Amino acid sequence: MTGKSFSVRIFLQDGHANGVRIVSRSKWSGRGLVIPRVCLAEEQGRAELSAPGVYLLTETGVGAARPTLCIGAADPVCDGLARHATDDQSWSMAVVFTCKENSLNLGQCQSLAARLLQLARSADKAEIISADCSEQPKLSTVESATVEIFLDHMLGLYPLFGVNVFEK
C-alpha cells in the first residue's frame, strides 16, 4: 500500500455515518460504495452498481472474534450483490468498488477480487466465508498494471470503513 498522501470525499447519503456512503479519492477514477445490508435492496438500482465491480461483504460486529468476509466480482456488480442479498451468511456491510468511466472489465474485477482474497488469507485476520474469485484470470501486462494500481488505491480506503484485514 502506498504511503503517499491523498484526499478522500465521503458523501453520507442518509445523513449519518453508518448509512450508505459514496467514496471518491483524489486523482482516481475509482469509486467506492459502502452499503449496509439492510439498505441493499433499495440501493440495487444505483447506476454505480450497473458496472463491473468488486465487492466485499463483511461482518465486523462487536463480539466477533474475527470479522467474516465474502469477496467477489461481477458484471454488473449488482448481480453479485443480489446473489448474496438473501443468503444466510453473516454479513452486515457491503463495500463495493467500480470505476467512474466503466474502464474496468470483468477480468480485471475478478483479478482484483482474487488479489483481495490472497491478501486476506495471507494476513489471516478474518474468516473467509465465501469467495467467488479463487483463480486469477489471464490479463495483459497493461491490464495487470491497472489492477495493481486500482488495488493499491482500494487498500488505502478499506481502513476508513473499519476493514483492517488485508495487512499483516
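Helix α3 is largely enclosed by the rest of the structure, because 13 of its 18 residues are buried. Keep in mind that this is a predicted model. Strand β5 is also largely enclosed, since seven of its seven residues are buried. Below is a quick tour of the helices, the strands and the aromatic rings.

**Helix α3 and its ends**

- From its first C-alpha to its last, α3 reaches 26 Å, close to the 26 Å expected for its 18 residues at 1.5 Å a residue.
- Look just after α3 and you'll find Asp124, which takes a positive phi of about 55 degrees.

**Helix α4**

- Helix α4 covers residues 141-157, and its 17 residues should span 24 Å at 1.5 Å a residue; the end C-alpha atoms are 25 Å apart, which agrees.
- The buried residues of α4 include Val147, Phe150, His153 and Leu157.
- Asp152 is also among the buried residues of α4, and so is Gly156.
- What do these buried residues of α4 pack against? Their partners are the strands β1, β2, β3, β4 and β6, plus helix α3.

- Strand β2 (residues 21-25) is largely enclosed by the rest of the structure, as four of its five residues are buried.
- On one side of the pairing story, β1 (residues 8-12) joins β2 through five bridges, and the two run antiparallel.
- Within that pairing, Val8 stands opposite Arg25 of β2.
- Arg25 has another neighbour to check out: it lies over the face of Phe6, at 3.4 Å from the ring centre.
- β2 also pairs with β3 (residues 30-36), again in the antiparallel sense, this time over four bridges.
- Ser24 has Arg31 in β3 as its bridge partner.
- β2 and β3 make a hairpin with four residues between them, and Lys27 in the turn has a positive phi of about 55 degrees.

**Strands β4 and β5**

- β4 and β5 run antiparallel and are joined by seven bridges.
- β5 (residues 68-74) is covered on both faces. Thr68, Cys70, Gly72 and Ala74 are buried on one side, while Leu69, Ile71 and Ala73 are buried on the other.

**Aromatic rings**

- How many aromatic pairs does the structure hold? There are four.
- One of them is Trp28 with Phe97, a tilted pair with 6.0 Å from centre to centre and 50 degrees between the planes.
- That pair links distant parts of the chain: Trp28 sits in the loop between β2 and β3, Phe97 belongs to β6 (residues 93-99), and they are 69 residues apart.
- Are Trp28 and Phe97 buried or exposed? Both Trp28 and Phe97 are buried.
- Another pair is Tyr158 with Phe166, whose ring centres are 5.1 Å apart; the planes meet at 50 degrees, so this pair counts as tilted.
- Tyr158 is buried, and Phe166 is too.
- Put together, ring pairs link Trp28, Phe97, Phe150, Tyr158 and Phe166 into a cluster. Phe150 comes from α4, where it is one of the buried residues.

Notes:
Residues are numbered from 1 along each chain as its sequence is written. This is a predicted model: local features need pLDDT of at least 70, side-chain atom pairs count only at pLDDT 80 or more; totals for chains, interfaces and linings use all residues. Side-chain values use heavy atoms; hydrogens and water are left out. Buried means under 20% relative accessible area, exposed over 50%, partly exposed in between (1.4 Å probe, protein chains only). Two strands pair if DSSP finds at least two bridges between them. Rings of Phe, Tyr and Trp (its six-membered ring) pair if their centres lie within 6.5 Å; planes under 30 degrees apart count as stacked, over 60 as edge-to-face and the rest as tilted. A charge sits over a ring if NZ of Lys or CZ of Arg is within 6 Å of the ring centre and within 35 degrees of the ring normal. The expected span of a helix is 1.5 Å times one less than its number of residues. Contact means heavy atoms within 4.5 Å.
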